[in-house]
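Please keep the sequence and structure open while reading.

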Amino acid sequence: MSRRISYVVLALLSLPLLVVMAHAADFDPKAATETYLATVAGEARAKSNAYFEGGYWLILWDALYAIVVAAILLFTRVAAGLRNITERMLRWRWLQTLAFAALFIALTAVLTFPLTIYENFYREHEFGLSNQTLQEWFRDFAVGVGVNVVLSSLFVVGIYAVIRRAPRTWWIWGAAVTAVFLAVSVALAPVYISPLFNDYRPMREGQLKQDILSLARANGIPVTQVYEFDASKQSKRISANVSGFLGTTRISLNDNLLNRTTPAEVRAVMGHEMGHYVLNHVGKLIVYLALLAAFAFAFMSWGFGALHRVFGGIWGVRDIADPAGLPVFVILASFLGVISTPVTNSIVRENEAQADIFGLNAAREPDGFATTALKLSEYRKLDPTPLEEMIFFDHPSGRSRIWMSMQWKAEHLDELARRESVNPGPQEPITAPPDSPPAAP
């Protein structure tokens, strides 16, 4: 009698698992992907497409605007005049270059301000993505210009130093300077630069924080704290990162991610971000960018010579080692940046896809990852053509990410079914705003 009772109890306890596994047996990754994509439709889909597709044109307009501004500074001899001023006022060559670069970068920021304010303030408000007043935005803009003036001026000093020392092979040494500069910037950014724009504090205590720290320990990330920062004062975007190295490693997530997503979505995002760290994407990206810089500097060295032979006398630029020729480098770099867009986007997109797979294997939250992709559709086109994605996307599209998640899910149905039987029921957002996209079935 007691054995029969045990069998009955066992059957009753197994019933939820059997039901879930039976449902899982019918799972179709393609149908699940389409179901998720269908939750963003109509006006929301049209708005997302319009915002992202408008960015295609901004790549071109940004480059053309920069080229026009640099050409004006060259042909009006403003650049040559700034060089003359710094040479009269300062004795050391490196200090003259530093002062010229700072003046040139600051002046360029002023001259490109009309496009900057349209692109980063008015357009963001037009699509409902910014939470800043004009005064708040201008404060961040001014701080950003200040940081850019300091860091970029130091970089320019380094580049002109190698031009003077090695005029024939400077493009090789310039690539090495670029790699060092990027590495130092990555190390400094989380501790000294990011706090200039947002307040960082330890993440609120709770199970979710412990889940993130556990995920970090399991993947060898040397942190004992998780930080949150107040990005909601600037925009609606959800974001997180694992940044820094050489003792500055920091896990940070913004308050939008905490307030607009479920715990499963947060874990999915953090798994992805940890993937970047574990797979050493920052280090690899620095190497890629240094190689691209070598190619770009070689092109700029050739291009400078060709243009200088024709216009050098008009510009008042002596030679390639003359800082007054910096606008020429801006023109050539802007042109090269446009035509190399598919290459640079593909490099970054491949890293992002690798981090996606890592995050799925680490956090094991395929549905959380899929619904996060839907939230990102507020400013990223969900379903581009393959050619469109190859050229303009520096992250996999929403469709690609959801399809990847559903394929992963299809290969782990038994595991997910067992977990669901232990913890049944949907997860609610930590703080659920009324505009959160609905979760797909």
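The term pLDDT is the predictor's confidence in each residue, on a scale from 0 to 100, and it comes first here since this is a predicted model. Over residues 426–441 the pLDDT stays under 50, and for that stretch the model has 35 contacts beyond four places in sequence.

**Confidence**

- The protein averages a pLDDT of 89, and 89% of the residues score at least 70.
- Confidence is lowest in helix H1 (residues 2–25), with a mean of 44, whereas it is highest in helix H17 (residues 398–410), at 97.
- Residues 1–22 also have a pLDDT that stays under 50, and for these residues the model has seven contacts beyond four places in sequence.

**Nonpolar cores**

- The largest nonpolar core has 33 residues, and those with the most contacts inside it are Ile163, Trp170, Leu326 and Phe329.
- At least two residues of this core come from each of several helices, among them helix H3 (42–75), helix H7 (134–165) and helix H12 (281–315).
- Leaving aside residues up to four places away in sequence, Leu326 touches Phe100, Phe104, Val156 and Tyr160.
- A second, separate core of 26 residues includes Leu208, Val226, Met274 and Tyr379.

**Ser235 in its loop**

- Ser235 lies in the loop between strand E2 (226–229) and strand E3 (240–243).
- Ser235 counts as buried because its relative accessibility is 14%, and the cut-off for buried is under 20%.
- Not counting residues up to four places away in sequence, Ser235 touches Leu129, Ser130, Asn131 and Asn256.

Definitions and conventions. Residues are numbered from 1 along each chain as its sequence is written. This is a predicted model: local features need pLDDT of at least 70, side-chain atom pairs count only at pLDDT 80 or more; totals for chains, interfaces and linings use all residues. Side-chain values use heavy atoms; hydrogens and water are left out. A nonpolar core is a set of buried Ala, Val, Leu, Ile, Met, Phe, Trp, Tyr and Cys residues joined through side-chain atoms within 4.5 Å. Buried means under 20% relative accessible area, exposed over 50%, partly exposed in between (1.4 Å probe, protein chains only). Helices (H or I, at least four residues) and strands (E, at least two) are DSSP runs, numbered from the N terminus. Contact means heavy atoms within 4.5 Å.
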